[in-house]
Amino acid sequence: MLLLQQQRPSRAKHLTRYQASHRSVQSDNTVFIEDPSVDAIIRYRWIQNESGRKLLGPLLLPKKKEKNLWSAVCANRRYETVVTVIKDMSFRYLAPLMPTTKLSHAIFRSFCSQNKTRSPKSNKQATMAPSSSSEHPDVSTSLAGIPLSSCIYNASGPRSGTAAALQKIAQSKAGAVLSKSATVDSQTGNPLPRTWHAPDGLASLNSEGLPNNGIAYYISASTIAEAMGECSDNNKKPYMVSLSGKTLADNLQMLQRIATSPTRSKISAIELNLACPNVIGKPIIGFDFEQMDEILTAVAQVYNDNNNDNNNHQLPPLGVKLPPYLDFQHFALAADILNKHKDLVRYIASINTIGNSLAIDVYSEAPYISSNSGFAGLSGPAVKYTALANVRKFRSLLDASIDVVGVGGVQSGQDVFELILAGATAVQVATCHWIEGPKCFDRICQELQEIMVEKKYTKIEDFKGKLKEWSKEGANLSRLRKKEADTTLKEAQPTATTTSVTASTAAELTFYKTLCGVLVILVAVLCADWRSSIKLLPTE
Ligand code: RRO
């Protein structure tokens, strides 16, 4: 790891210091570069492959007052600290991945090219992590019998409505590609504005109203080919289709169309959305247990009819997207229905957004969202705890044959780790993908791997569903770990303070010095003027 801190550095000086110390870049392929031109610290991470280094994405950490903390983090490099600090710094510093500056890119490029020209021996010495399995834990999983190279993929919703958007997911480290929920015909959705992001980055609202290109588009050969490209082989990366018919008949019709589609074998799973909160005038199906049972019974009939005929119309495994439940009785009722249909339902995705939330603009004294009187689905980091509880509860109530996919507020490897600990087999990312774009899958995947390395877990099964009961010993261990991290932070802070006179601080100093000088001159002139005017006063 490396943190460059200097006073008014020129670019050349910056590079020189960087070059002098780049050997200290840590084996986890992370480098921190302070960029005085934007008063920020930029974190670069990369992977090493045969052809050189591939940048995983620069991350701008812009807050000046956070610098000391970051110096400490850099010195410490314990993943707990890094993850904690990342989370404390709040979503808005991380998720949007603001455009990083030319200066830092130049430094990073220089670093890459420099290391490429080294001899293999010194190259090894310099930085790179050995690519053993312990350094790159296995994040693959098996969902409803479908192998996923990574347990992290996109949720149906943001950035999943077009082949172009789906292609970007396919080209990322996401373990699968899931389409936007389809209706029978294409539709544009609710009027704008229909989305809102809280300024603190902790919550988002949407009342999209199911804008989508219609089922024909999502199951067409051209869409799947464009989206999946090289990945169109199901063994490499599964393509999944979400359905959200406006009526039961619509859902059954769409299932039938998939069963008879020439692309049927290219669709690895179907996710039936029983939880859309934004169809005006329609209830959230997952809260109406009678209707939920009715729908699953009818869907089971379509599956049976097709899977038992001799026309090779087998339908892919079915998952069900559920709304968030908040009451133990509701968990039990929903789980009973799902268990009743365990031959049909291979996984649940839990949770959809928290429906009918409301955000108010204090200036206009009106909702931020125009449609449905401002009522909309809540997502983002604020809902993670509801998602964790739903995953945990359903894992304990559902038949073991039904997998649980965790979704809700995931924005870091730690979030994925927690959901898997609570019992998730895989994890979907929605709001973070919406804000950060598909590179979030690579970042989150690497963060999960870092946690697994630290904890010496080599595969997902090592911790899946293994959430422990609260215990005094556990709480003591946690306290000890936090104390250790705090001590390391405190130890690192004085160094950071003494060494980090930033460019902007220096500029402020110069400004105040000049201001003082001007004031002294002004006062001197005024005094001289006053004295001479006294002398000139006529004597009585
Ligand atoms: O399109 C939407 O308004 C939407 C859907 Br289908 C959903 O399932 N969840 C959500 O928050 N928005």
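1. A polar contact is here a pair of N or O atoms within 3.5 Å; within protein, one atom must be able to donate a hydrogen and the other to accept it, and residues adjacent in sequence count only if both atoms are side-chain atoms. The model is predicted, with pLDDT of at least 70 needed for local features and 80 or more for side-chain atom pairs, while totals for chains, interfaces and linings use all residues. Residues are numbered from 1 along each chain as its sequence is written, and side-chain values use heavy atoms, with hydrogens and water left out.

2. Which side chains place an N or O atom 2.8 Å from an oxygen atom of the ligand? From G209, a backbone N or O atom lies 2.8 Å from a ligand oxygen. The protein buries 93% of the 320 Å² that the ligand exposes when taken alone; these accessible areas come from the Shrake-Rupley method with a 1.4 Å probe.

3. The residues around the ligand (a heavy atom within 4 Å of it) are K180, N206, E208, G209, L210, P211, N273, C276, P277, N278, N352 and T353. By class, this shell holds 4 nonpolar, 6 polar and 2 charged residues. Ala, Val, Leu, Ile, Met, Phe, Trp, Tyr, Cys and Pro count as nonpolar, Asp, Glu, Lys and Arg as charged, and the others, Gly among them, as polar.

4. Helix 13 (residues 384-397) and helix 14 (residues 413-421) have axes that come within 9 Å and cross at roughly 25°. The axes are lines fitted to C-alpha atoms over the stretch in contact, with angles from 0 to 180 degrees between N-to-C directions. The two helices are therefore roughly parallel to each other, a term for angles under 35 degrees.

5. In the contact (heavy atoms within 4.5 Å), K384, A387, L388 and V391 of helix 13 meet D415, E418 and L419 of helix 14. The residues of this contact divide into 4 nonpolar, no polar and 3 charged. Helices (H or I, at least four residues) and strands (E, at least two) are DSSP runs numbered from the N terminus.

6. L192 and P193 are joined by a cis peptide bond with omega of about -5°, and P193 is placed in the loop between strand 8 (177-178) and strand 9 (195-197). Another cis peptide bond, with omega of about 25°, joins S350 and I351; I351 lies between strand 14 (345-350) and strand 15 (354-357), in the loop.

7. A144, although not a glycine, has a positive phi of about 50°. The loop that holds A144 runs between strand 5 (141-143) and strand 6 (146-148).

Key
Angles under 35 degrees count as roughly parallel, over 145 as roughly antiparallel, 65 to 115 as roughly perpendicular and the rest as oblique.
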